[in-house]
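Please look at the sequence and the model on the screen, and keep both in view as I speak.

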Amino acid sequence: MQVITSVLVLALFFIVFIISDIRSFKQRKVKNMIGVAQVIGNNTVSALEFDRDDEAQKTLMEVNTVMPEIVHAEIYDRNGNVFASFFKTAKDSTSVFPALGNKKSLIQNNHLYVSSDIISGENEKLGKIILESDLVELQKMNNSKIRLAVIILVFSIGFSFIIAILLQRYISQRLLRLVGSMKEVEKSGDYNKSFDDEGKDEISVLTKAFNDLLHKVHENQQRKDQFISIASHELKTPLTTVKGYLELLERNNSTPTEKQFIQKALKNANKLDSLIRDLLDVSKIQSGQLKLNLQEFNIDNLVDETIASNQLAFPGHQIYREGQFGNERIFADRLRIEQVLNNLLSNAVKYSPHEKKIVVTSTKTPAEYIIKVRDYGIGIPENEQANIFERFYRTKEMPVSISGFGLGLYISRDIIRRHNGKIWVESQEKGTAFYISLPANNVVKPNDTVQP
Ligand code: ADP
């Protein structure tokens, strides 16, 4: 844009400059030639008065030596007859003056024609002189000016191009840095940031606006987190009481119908309880207070127990186990790893309403312990797989009948990361496979002694 603008401005400047230069050159030329015609006219007054055409002819010939651009000149007597004439070359002898009418000058086909009356001392019109001069000089001058303008234009294009590239690099570098920062914030979800830009131009204004936006988002996030934390704490106590009374009622002698109602109420209270526990976990993660209670345990036992409890809770599905870890013991937070496995297994059940098979595979490599939970359900679109570990994220095409809050995987990812492990998802031809990997250096061999 900068290059185009400067080239256009420069080209416009040259056009105006050349046109005005040509015009003033023509005006000067016309004035000169009229002056010359008047001088010749004055010098031929006596020749006309005494009918001395040879004198007039001589004068015309002399003028040519002074003004070589005159190619054709004619003096007419008072009757309009040619009195004397001059042709610079034989070729010019065929030249005929265009009709000048009352005009004193005319420019046509690169030739200038001027006409002047020849007046005697008594103010009597004795005749007329017409001069024709070649404007080839003007043409040459124009050509050289245009050539010069083109050369200057080409150089200025190159020069402004170099300046534009340097400036653009400076501008785009700052813009790209800002875009990079935005992407980083978007990826990390950490809005408690601000970016420096010392300048005073539009990019600095943009950076400031971005910083203000980040600040606002961070404030809102803090308010939301605070609300979630307070609300879940406030809900926890009454719900524990409700659950306690329901369990008491279930144990008491009640009719089968009453028992059925109580069990339904308990089931829903448990659902609510699990949501509140998730919300409390989220608050802990946000405030950095989710602590691990590390202990030594047999990882195979944990996998078997978790499968067994889920199989009991979801009798409609078949959960298979493939592979073993060889009864190795790992050093980790048993309850939290169990929570992650429970979440993956309950998701596998929840998101495969029509396919009953679920496979849990254990694989051991020298560096890590990998547990894979594979289902054959609705699957997760490729473009959403990166988002499902974010807080409150649920896939867009989710059937409305499948309930959830989008918290389980967020909490699971945090738990696994705190164990220096990894959690990820892979697309399958049908369904989904979730993986968790725990580093082998967290593992305690049967004979090792562990200092918690
Ligand atoms: P919730 O299941 O309560 O919505 P999660 O955090 O456990 O929350 O899961 C986040 C989202 O990931 C789910 O809403 C769902 O869209 C998708 N998802 C998780 N597990 C599976 C699965 N096994 N199959 C298909 N989609 C899944």
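This is a predicted model: local features need pLDDT of at least 70, side-chain atom pairs count only at pLDDT 80 or more; totals for chains, interfaces and linings use all residues.

Helix α5 runs over residues 202-251, which makes 50 residues. At 1.5 Å a residue, such a helix should span 74 Å. The end C-alpha atoms of α5 are 72 Å apart, which agrees with that expectation.

Now follow α5 along its length to Lys236. There the helix bends by about 25 degrees, and within four residues comes a proline, Pro238.

Let us turn to the chain as a whole. The chain contains 9 helices and 13 strands. Its radius of gyration is 50 Å, whereas the globule rule gives 22 Å for 452 residues, so the chain is more spread out than a compact globule. Along the principal axes, the C-alpha atoms of the chain fill a box of roughly 155 × 50 × 45 Å.

I come next to the ligand. Which residues are closest to the ligand? They are Asn347, Tyr351, Arg394, Thr395 and Leu409, out of 20 residues that surround the ligand. This shell divides into 9 nonpolar, 8 polar and 3 charged residues. Helix α8 gives the largest share of the shell, 3 residues. Among the elements that each supply at least two residues are also α9 and β12.

Consider the individual contacts. The side chain of Asn347 places an N or O atom 2.8 Å from an oxygen atom of the ligand. For Asp375, a side-chain N or O atom is 2.8 Å from a nitrogen atom of the ligand. A polar side-chain atom of Thr395 lies 2.7 Å from a ligand oxygen atom. On its own, the ligand has 530 Å² of accessible area, and the protein covers 97% of that area.

How values were computed. Residues are numbered from 1 along each chain as its sequence is written. Side-chain values use heavy atoms; hydrogens and water are left out. A residue is near a molecule or strand if one of its heavy atoms lies within 4 Å of it. A polar contact is a pair of N or O atoms within 3.5 Å; within protein, one must be able to donate a hydrogen and the other to accept it, and residues adjacent in sequence count only if both atoms are side-chain atoms. Accessible areas come from the Shrake-Rupley method with a 1.4 Å probe; for residues, only the protein chains shown count as cover. Ala, Val, Leu, Ile, Met, Phe, Trp, Tyr, Cys and Pro count as nonpolar, Asp, Glu, Lys and Arg as charged, and the others, Gly among them, as polar. The expected span of a helix is 1.5 Å times one less than its number of residues. The bend at a residue is the angle between axes fitted to the seven residues ending there and the seven starting there. The radius of gyration is taken over C-alpha atoms; the globule rule is 2.2 Å times the number of residues to the power 0.38.
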